[in-house]
Amino acid sequence: MLFGQGGGFGLSLAFFFILVVFFPFAIGPNLDLLSKVAPGTLWVGALLACLLSLERIFALDFEDGTLDLLVTSPIPLEGVVISKAIVHWLTTGLPLVLLTPFLGVLLGLQNSNVIFLIISLILGTPALSIIGAFGAALTAGMKRGGLLLSILVLPFYIPTLIFGAEAARRGIEGFETQTSILLLLGVSLLSWAILPFAAASVLRINLR
Amino acid sequence: MRGPNGVGKTTLLRALAGLQPVEAGTIKCSLEDICYSGHADGVKPTLTVQENLEFWANIFGSPSISEVAEKFMINNLLNTKAGNLSAGQKRRVGLARLGLMGRQVWLLDEPTVSLDETSVKIFGNIIKDHLSEDGCALIATHIDLGLENSAQIIDLLKFQSSSGKLSSSNEAFL
């Protein structure tokens, strides 16, 4: 609860919803075309929505001095980073996944195909959260660091985006998806294994 | 600890708390015995005072917050949202955290900012209690806490470093 800080996450969910709803308006009512771009649309939407709430992960704690106290407290800073990223996923990634079936209908996806999108998002969004937490740690001490954060983080999202959208696309088109799903899982696990330590040391440097 | 603004009181305290690297010298005290209270209160505005204190009590494994709340005179504020507190009340909540941490060495950076006279007196007494329980405190302050008998005043001006300012950084992306 405390890490969540209330508010904020509803915003990214609403943003995701609006972004995806706008696509049929822009592309037109061609269901064939819509279902083709659906995986990419949902993935880019999830990525941008995730980005919206990243700044809140550490900036508020940095400003009000909580971070100083957490660093000097008995719990390891790596643990703080991990719990922050988990909460970010629970308040951003998970709701996005839950919203996906409804948006899939809007984009003309068959019910049986939505499952591929859900699987790829479940496996991929945790990576978005921990990579984002690292970016948030990098920009924690900056005023108006949000834009810089986006520019820093987006390139690191590319592997997740490629494998995630690829897995969903291949599944929908009826090809085997094992390779891209394994690679996506690999990206997620590797990020969670390395980035908490990187984020913690970056935070310590930022506090100086 | 006394000294004019900018002489390095905060820097010294943060270095002792392990937040900043030390240029020279050694700190003989274990980091586990130190607690640091800075300019910012670290109080979350969206939570009540009780929830704020409970969070830190859990982290530091201290049993009850009611005793501490009584000592720091924030009993009647426990169910108030921290966002609705005045600056002085918020400060008291921030200082109450010291009681929860149960650590021996207190590093306090201007703890009395925005406190009224009574609160300053109460806080002075809390520090005296802490000292009588084998604790110690290093306090950067500009006002009298009523500790003349037990305190040693360090004037930091004598130890001011003479090195130059840091070179300015590239601000194209900041």
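In which sense do S2(B) and S3(B) pair, and over how many bridges? They pair in the parallel sense, over 5 bridges. The model behind this answer is predicted.

## The sheet of chain B

S2(B) and S3(B) belong to an open sheet of 3 strands in chain B. The strand order is S1-S2-S3, and the pairing is parallel. Strand S1 (34-37) and strand S3 (136-140) form the edges of the sheet in chain B. Each of these edge strands pairs on one side only. On average, neighbouring strands are turned by 15° against each other, direction ignored. Strands of a sheet pair through backbone hydrogen bonds, in either a parallel or an antiparallel way.

Strand S2 of chain B covers residues 105-109. S2(B) pairs with S1(B) in the parallel sense over 4 bridges. Val105(B) can be followed across the sheet. In S2(B), Val105(B) is the bridge partner of Ile34(B). In S3(B), the bridge partner of Val105(B) is Cys136(B). Is S2(B) largely enclosed by the rest of the structure, or largely open? It is largely enclosed, because 4 of its 5 residues are buried.

## Helix H1 of chain B

Helix H1 of chain B runs over residues 9-16. Its buried residues are Lys9(B), Leu12(B), Leu13(B) and Arg14(B). What do these buried residues pack against? They pack against S1, S2 and S3 of chain B. After H1(B) comes Gly18(B), whose phi is positive, near 85°.

## Helix H2 of chain B

Helix H2 of chain B has 12 residues, 49-60. At 1.5 Å a residue, H2(B) should span 16 Å.

Gly61(B) follows H2(B), and the phi of Gly61(B) is positive, near 65°.

## A buried residue in chain A

Ile131(A) lies in helix H6 of chain A, which runs over residues 111-138. Why does Ile131(A) count as buried? It has 26 C-beta neighbours inside 10 Å, and the cut-off for a buried residue is 20 or more.

Which residues touch Ile131(A), leaving aside its neighbours within four places in sequence? They are Val153(A), Phe156(A), Tyr157(A), Ser191(A) and Leu195(A). Ser112(A) is 19 residues from Ile131(A) in sequence. In space, Ser112(A) and Ile131(A) are 31 Å apart, C-alpha to C-alpha.

## Where the chains meet

Chains A and B touch each other: 17 residues of chain A are in contact with 20 residues of chain B. Which element gives the largest share of the side of chain A that touches chain B? It is helix H4 (residues 66-71) of chain A, with 4 residues. The residues on this side of chain A divide into 8 nonpolar, 6 polar and 3 charged.

Conventions:
Residues are numbered from 1 along each chain as its sequence is written. Chains are lettered from A and ligands numbered from 1 in the order in which they are written. This is a predicted model: local features need pLDDT of at least 70, side-chain atom pairs count only at pLDDT 80 or more; totals for chains, interfaces and linings use all residues. Two strands pair if DSSP finds at least two bridges between them. Helices (H or I, at least four residues) and strands (E, at least two) are DSSP runs, numbered from the N terminus. Axes are lines fitted to C-alpha atoms, for helices over the stretch in contact, and angles run from 0 to 180 degrees between N-to-C directions. The expected span of a helix is 1.5 Å times one less than its number of residues. Two residues are in contact if their C-beta atoms, placed from the backbone, lie within 7 Å. Ala, Val, Leu, Ile, Met, Phe, Trp, Tyr, Cys and Pro count as nonpolar, Asp, Glu, Lys and Arg as charged, and the others, Gly among them, as polar. A residue is buried if 20 or more other C-beta atoms lie within 10 Å of its own, exposed if 12 or fewer, and partly exposed in between; C-beta atoms are placed from the backbone.
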